[in-house]
Amino acid sequence: MKRLFFMAAMPIVLTLALFTSSAFAQDPQRIEDVEIRGNRAIPTDTIRLYIQSKRDDLYSDAQAQRDFQAVLAQGFFDEFESRVFKEDGPRGGIVVVFYVKERPVIRDIIYDGLKSVQESDVIQRFRERRVQVSKESRYDPVTVENAKRVLKELLAEKGKPNAQVDYQVEDISATTVAVNFVVNEGTRVRIATIDFDGNDVFSDRKLRKAMKLVKQSSLFTTFSSKDIYDKRKLDEDLQRVRLFLGEKGYIRPQIGEPELEFIGKVGNFLPIFGRKGEGVKVKVSIAEGRRYNFGKIDVEGNSIYNKDIILAVTGMKAGEIASAKVIREGVFERLRKLYGRSGYIQATPDLQQKFNDIDNTVDFTIVIDEGKPFTIRRLEFAGNTITRDNVMRREVLVNEGDLYNQELFDLSRLRLNQLGYFEEVKEEDVQIQTDDKSGYVDLLIKVKEKGRQQISFTGGVSGIGGSFIGVTYSTNNLFGYGESLSFDVQAGNRQRNLSVSFTEPYLRGRPISLGISVFTSRLKFFSGGLNTGFVDSNSGAGSVFGNNFDDALFTRSTNGFTVNLSAPLALFTKKLRRYTQFSRVGLSYGFSSTKVADPAVNRDTNTSNDIFVSFTQPNITTSTITPSLSFNTLNSPIDPTTGMSFSGTLSFSGLGGDVKVIFPAVEIKYFRPIVKREKPQVLGMRLLAEKVISFGQPPTTNSLAFVDGVPIFNRFFLGGEDTLRGYNVRSISPIARVERSFTTTDVRAVELGTNRVLPVIKPGRRFRGVDPSVLNKFTFNNKLISNPNFPEFTPVGSDTQILYNLEYRIPIAGPLTMALFADAGTAFNTSSIKDQSLVPNPFVGTIPDDPSAIFQQTVFILNPRGLIASQKEVNDARTPETPFNALPKGFRFVTFQGRITNSSNVKLSDAIGGIGQNFRSSIGAEVRVQVPVVGVPFRLIFAYNPNAKTNRSDPRQIFVEEKKVIRFSIGRTF
């Protein structure tokens with residue numbers, strides 16, 4: 001029975017054994033293992049991340065090659081030394097082997113023989129061209145070859161087109177190398193002449209003028225280096241010549257390849273600035289061809305706009321010159337914007353042209369592929385780490401769900417730039433992704449935030465101004481909500497200023513700006529204006545100036561506030577939307593209180609130490625309301641490069657307060673990029689016109705605190721780095737002649753030694769007193785003391801000023817900029833002014849015998865009759881008993897003292913300084929360094945003043961003016 005069971009089970013056992021043995025045998029096409037060999041620094045596990053072939057997978061040659069290419073794509077391995085292959089595994093399967101040869105790491109890069117280019121510039125150019133050659137990068141011969149080519153291009157831009165560049169690789173260790181670029185720069189090549197051959201219509205000069213990057217060698221190119229030969233720039237400029245001809249209607253010119261002829265050394269021989277090099281003549285063959293006019297103009301593919309609208313937008317008209325500029329701006333710019341305004345982002349115009357050489361016309365067919373309109377699905381921002389999205393979103397004139405409008409979106413970019421929170425948002429900073437199937441578009445605006453906080457410190461020490469220190473803090477984007485806050489504090493022994501300002505640009509979510517400013521200031525100053533005082537050296541007033549100067553200072557205190565509201569004009573009217581979007585209307589109110597306190601010595605109980613008061617002002621309050629209208633398309637609030645702005649204000653002071661004036665002002669700014677680069681060269685200009693008109697009865701101040709009813713601080717004085725750069729601050733204004741006189745009362749004779757006041761005696765009597773006729777001699781009533789040979793003048797300001805500034809800004813490198821400028825302006829009076837007589841407070845002093853010769857004689861001798869004795873009379877009265885250096889008996893030394901009142905008559909009616917007399921101009925250059933923390937540039941100004949008044953002996957020349965000026969300043973002119 002058992003035997004029969006065993007024989008029946010044997011086939012089953014054999015079958016199971018065969019199945020089991022086959023299960024444990026390896027399939028010849030199955031991957032038994034994946035090995036990485038040859039790697040040193042790169043971990044094996046890192047390499048395995050890029051390999052898809054796994055153990056127990058079926059082997060595939062195609063997959064193994066894909067894995068190998070994925071490993072090589074990481075850039076760590078040499079593609080010529082690395083390989084992938086398969087081996088038989090120990091268990092009958094396949095072992096896939098990835099053998100890699102690591103590229104060495106570049107530990108050092110040497111530029112042997114490189115002189116004309118800084119190493120930092122080479123590294124920057126490598127970054128721009130995406131050449132991955134740098135320290136700690138992997139050595140790749142192909143990449144190094146690209147670096148060699150880029151280095152040659154960079155040298156060619158520096159005028160070394162024949163430069164030779166090679167490289168050597170030196171092993172430092174088994175895994176690191178040093179790359180040495182061996183440079184033979186050769187000689188610098190400068191362009192001596194640029195000649196055109198074959199041009200019949202335009203002269204060589206006009207064609208050369210169209211070239212911007214390359215010029216013939218001259219004195220000016222010494223500084224601009226535009227005479228350096230650079231084939232790339234030359235080719236770019238020849239394209240400008242082609243555009244110039246096309247704008248004139250010559251739209252089929254033929255311009256040949258430039259031919260070069262080396263002629264030896266060229267350049268100037270200026271010391272230090274001299275530049276010499278190998279000279280080359282450039283000869284360009286050119287054929288201008290025919291000048292064409294527009295013939296028949298047709299439109300195809302249009303369905304949104306009719307033909308008349310399209311032709312009106314393009315500006316192409318039959319019979320007119322077929323200008324390439326009209327075609328470029330009309331078809332490829334304005335027409336695309338027209339379609340973009342309706343959401344047709346992908347609208348693409350094309351031109352088909354047919355030339356007719358018989359009548360020199362060209363027919364155009366504008367073929368438009370309109371595409372489809374797109375609706376905004378998402379509007380997002382990137383890069384704004386501080387600024388809230390809603391602050392940016394409120395400046396964008398389109399939103400999710402709106403039909404895309406290219407014109408409004410361009411205006412939105414401008415509004416974002418005007419905030420001043422970011423670096424300039426350019427067209428390429430906007431990422432547009434369209435979904436053709438759904439008709440939606442996603443917009444991503446990438447920004448780079450500027451430093452929103454600015455802190456600056458000021459301080460100084462001077463004999464008159466005292467010592468002070470100040471700090472200014474401001475932020476234009478408080479907590480990222482777009483609000484502005486600033487503090488300005490200055491404190492010292494003679495001045496104190498404090499101001500706080502806050503601006504909310506969107507009041508309660510609406511585009512209404514609210515600004516509040518509160519300020520207080522106190523300034524101690526010496527009244528060096530209209531004063532000629534006779535101060536007794538024994539009265540104490542002299543000691544005030546000598547020992548305690550601060551006691552003789554006046555103190556001016558001002559406190560006030562301003563509140564202003566403004567809103568876009570588009571909030572009130574929908575008309576002329578193109579202009580109202582960038583126009584604002586505003587209304588502000590300001591109130592201030594100003595008073596001037598007399599010096600401390602005039603406020604004590606001792607009247608003998610009082611000093612002459614030439615500037616006095618009671619508490620003056622000013623209440624001002626100012627409506628305003630502004631238009632602004634500048635692309636940045638600081639150093640704009642394009643756009644214009646207009647500001648018109650009409651301030652009215654008189655609704656309350658003591659000051660009653662009307663103050664209209666207009667300011668226009670305009671900026672235009674001339675050479676468009678990443679940092680363009682910019683032409684900027686400003687025109688400023690202001691006037692002040694008084695009405696009503698001004699307060700009585702008995703000084704020049706008011707002139708013709710206008711506060712002196714509201715009148716106009718030109719000069720300074722913010723107006724006319726070559727002249728001193730507030731040094732240009734009309735001037736008026738001052739006639740001085742004085743009146744004496746309470747005249748008395750004081751005996752020296754005893755300080756006894758001598759009594760008045762009757763005429764002819766011998767008594768120890770003073771004859772009344774002598775006192776009458778020192779009693780004056782409005783005695784004129786001005787010397788006609790030395791007239792005195794004082795600046796009085798003007799009621800009108802006109803100022804024009806022009807500058808051309810040239811970026812040099814980094815924060816360094818140069819600006820060429822021309823300033824011109826005048827400050828003058830348009831209304832007649834009445835003379836003003838100033839009668840300050842009287843004071844006690846010693847009276848001279850001749851008011852026109854101050855202090856000529858202050859000590860006199862009285863005879864026994866009380867009359868002034870002559871020297872002969874004194875000598876005749878001497879006796880042998882009279883002591884040496886003593887007076888005869890009955891004679892005495894006296895001084896005459898009394899209360900003196902000086903008055904000054906300011907001849908305002910004859911003020912000198914009309915519109916032409918006060919005209920000044922200044923031309924020159926300045927070097928600016930932008931300081932990031934301070935937020936304003938440091939400026940070194942070199943100015944030449946063609947019509948400066950340099951006659952220092954002229955009494956009308958109150959302020960010193962010079963023809964040539966060098967000065968340092970901080971800030972901007974406009």
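Let's start with salt bridges, counted wherever a side-chain nitrogen of Lys or Arg lies within 4 Å of a carboxyl oxygen of Asp or Glu: by that rule there are 52. This is a predicted model, so to speak of local features pLDDT has to be at least 70, side-chain atom pairs count only at pLDDT 80 or more, and totals for chains, interfaces and linings use all residues. Residues are numbered from 1 along each chain as its sequence is written, and side-chain values use heavy atoms, with hydrogens and water left out.

Take R107 and E136, whose closest N and O atoms sit 2.4 Å apart in a salt bridge. R107 belongs to strand β4 (residues 105-112) and E136 to the loop between α4 (119-128) and α5 (141-157), so the pair ties together parts 29 residues apart in sequence. Helices here are DSSP runs of H or I with at least four residues, strands are runs of E with at least two, and both are numbered from the N terminus. R107 is partly exposed at 40% relative accessible area, while E136 counts as exposed at 51%. The scale calls a residue buried under 20%, exposed over 50% and partly exposed in between, using a 1.4 Å probe and protein chains only.

Now look at E807 and R928, another salt bridge, with closest N and O atoms 3.0 Å apart. This one links distant parts of the chain: E807 is in strand β34 (residues 800-813) and R928 in strand β40 (residues 920-930), 121 residues apart. Both E807 and R928 are buried. They also belong to one network of salt bridges with shared partners, whose members include D639, R725, R809 and D823.

Next, a sheet. Three strands form an open sheet in the order β11-β13-β12, with mixed pairing; strands pair if DSSP finds at least two bridges between them. β11 (293-300) and β12 (348-356) are the edges, each with a single partner strand, so one side of each has no neighbour in the sheet. Neighbouring strands are turned by 20° against each other on average, direction ignored. β12 pairs with β13 (residues 361-369) in the antiparallel sense over nine bridges, and Q353 has F364 in β13 as its bridge partner.

α10 (residues 324-341) lies across β11, β12 and β13, at about 150° to β12. Those angles run from 0 to 180 degrees between N-to-C directions, with axes fitted to C-alpha atoms, for helices over the stretch in contact.

Technical notes
Contact = heavy atoms within 4.5 Å.
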